[in-house]
Amino acid sequence: MEGFVDCHCHISAGDFDSDIEHVVRESREAGVLALVCVAEHAGEFDRVMALSRRFPGFIFPCLGVHPVQRDSPEHHRSVRLQDVAAALPTIQRYGDQLVGVGEVGLDFTPRYISAESDKESQRQVLIRQAELARALELPLNVHSRSAGRPTIQLLKEQGVEKALLHAFDGRPSVALEGVAAGYVFSIPPSIIRSEQKKKLVKQLPLESMCLETDSPALGPEKQGRNEPKNIRVSAEYISRVKGISLEEVMEVTTRNALRLFPKLKLALGP
């Protein structure tokens with residue numbers, strides 16, 4: 001299948017409110033076949049689902065609770081069990097319309113962790129969502145900032161078989177532990193300004209990679225709004241690092257995405 005799949009983006013973000021039609025049109029023109037839109041908290045769920053209905057067959061929803069929650073624009077905190085308890089019934093209700101559960105995971109960035117209990121709360125929230133994903137037969141769309149090895153270990157302990165680790169910031173040797181477990185790693189356009197991502201791509205097999213933009217974040221320029229059309233930036237950089245054609249990167253990463261998200265394959269056809 002010719003075209004790209006953006007396996008992790010936040011197209012429901014307020015950054016796109018004024019020009020979502022234009023952003024979607026430019027994404028299609030850039031060769032994007034599908035956007036996997038993730039949520040970070042229950043307050044986003046209706047927006048994500050509404051966009052999937054507005055752009056059927058192009059925007060595909062994942063619902064989940066992120067390990068970092070925002071009480072206000074200035075205050076971020078580690079997730080609590082009550083955050084996920086409030087969200088799980090909605091995720092379950094929409095289960096047959098979802099392509100995955102996410103954005104879920106662990107984030108041990110020091111500014112979000114005030115005590116060891118915060119890490120344990122994040123672990124328990126991830127476990128709850130992994131259990132629900134298993135019940136719904138859906139893959140996980142996973143965040144693991146400053147927590148690469150603990151995230152992979154917990155996923156393995158929970159028997160998670162299908163997971164996308166987005167914008168992985170750990171060492172390649174740790175990522176390869178995820179590869180051995182069958183997990184897939186998605187690469188954002190910010191790779192062009194990240195030595196860590198470049199090292200990751202050098203060592204990961206292409207068969208374990210997908211593409212993402214994380215729009216509106218992680219774009220080719222640090223301060224600019226990222227958009228799904230920039231998926232080509234990721235693909236072109238991978239082709240240079242790997243010494244292979246852009247067409248091969250497109251073909252293999254899209255095949256990986258359709259394998260990871262079976263409902264995408266059903267929707268997009270052969």
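1. Strand E2 (32-37), helix H2 (45-54) and strand E3 (59-63) are among the elements that cover the buried residues of helix H1. Contact here means heavy atoms within 4.5 Å. Helices (H or I, at least four residues) and strands (E, at least two) are DSSP runs, numbered from the N terminus. Before going on, note that this is a predicted model, where local features need pLDDT of at least 70, side-chain atom pairs count only at pLDDT 80 or more, and totals for chains, interfaces and linings use all residues. Residues are numbered from 1 along each chain as its sequence is written, and side-chain values use heavy atoms, with hydrogens and water left out.

2. Which residues of H1 are buried? In H1 (residues 20-29) they are Ile20, Val23, Val24 and Ser27. Buried means under 20% relative accessible area, exposed over 50%, and partly exposed in between (1.4 Å probe, protein chains only). After H1 comes Gly31, with a positive phi near 95°.

3. H2 can be read in the same manner. Its buried residues are Phe45, Val48, Met49, Leu51 and Ser52. Their arc is only 160° around the axis, which puts them on the same side of H2. They pack against H1, E2, E3 and helix H3 (81-93). On the face turned away from that buried side, H2 carries the exposed residues Asp46 and Arg53.

4. Have a look at Val65, in the loop between E3 and strand E4 (68-72). Val65 counts as buried because its relative accessibility is 3%. Leaving out residues up to four places away in sequence, Val65 touches Glu40, Val79, Asp83, Val84, Ala87, Glu103, Val104 and Gln129. Val65 and Ala133 are 68 residues apart in sequence, yet 12 Å apart in space, C-alpha to C-alpha.

5. Now the largest pocket, which has a volume of about 990 Å³. Its lining has 30 residues, of which Glu40, His66, Arg145, Asp214 and Ala217 lie nearest its centre. Two or more lining residues come from each of E4 and helix H7 (195-203), and E4 gives the most, with three. By class, the lining holds eight nonpolar, 11 polar and 11 charged residues. For the classes, Ala, Val, Leu, Ile, Met, Phe, Trp, Tyr, Cys and Pro count as nonpolar, Asp, Glu, Lys and Arg as charged, and the others, Gly among them, as polar. A pocket, on a 1 Å grid over the protein atoms alone, is an open set of points where a 1.4 Å probe fits, with protein on both sides within 12 Å along at least five of seven lines; lining residues have an atom within 4 Å of a point. Grid points are joined across faces, edges and corners, and a volume is the space filled by probe spheres set on the points.

6. The second largest pocket has a volume of about 200 Å³. Its lining includes Ala130, Ala133, Arg134, Glu137, Gly159, Lys162 and Pro262. Helix H4 (residues 116-136) gives the most to this lining, with three residues. The classes here are seven nonpolar, one polar and four charged.

7. How many aromatic pairs does the structure hold? There is one: Phe168 and Phe185, edge-to-face, 5.2 Å centre to centre with 85° between the planes. Rings of Phe, Tyr and Trp (its six-membered ring) pair if their centres lie within 6.5 Å; planes under 30 degrees apart count as stacked, over 60 as edge-to-face and the rest as tilted. Phe168 is in the loop between strand E8 (163-166) and helix H6 (172-180), and Phe185 is in strand E9 (residues 184-187), so the pair ties together parts 17 residues apart in sequence. Phe168 counts as buried at 0% relative accessibility, and Phe185 is buried at 0% too.

8. Finally, some backbone spots to check. Most residues other than glycine have a negative phi, and most peptide bonds are trans. The bond from Gly102 to Glu103 is cis, with omega near 25°, and Glu103 lies in strand E6 (residues 100-105). Ser215 and Pro216 are also joined by a cis peptide bond, with omega about 10°. Glu137, though not a glycine, has a positive phi of about 60°; Glu137 is exposed, with a relative accessible area of 73%.

Definitions and conventions
The arc is that of the directions from the helix axis to the C-beta atoms.
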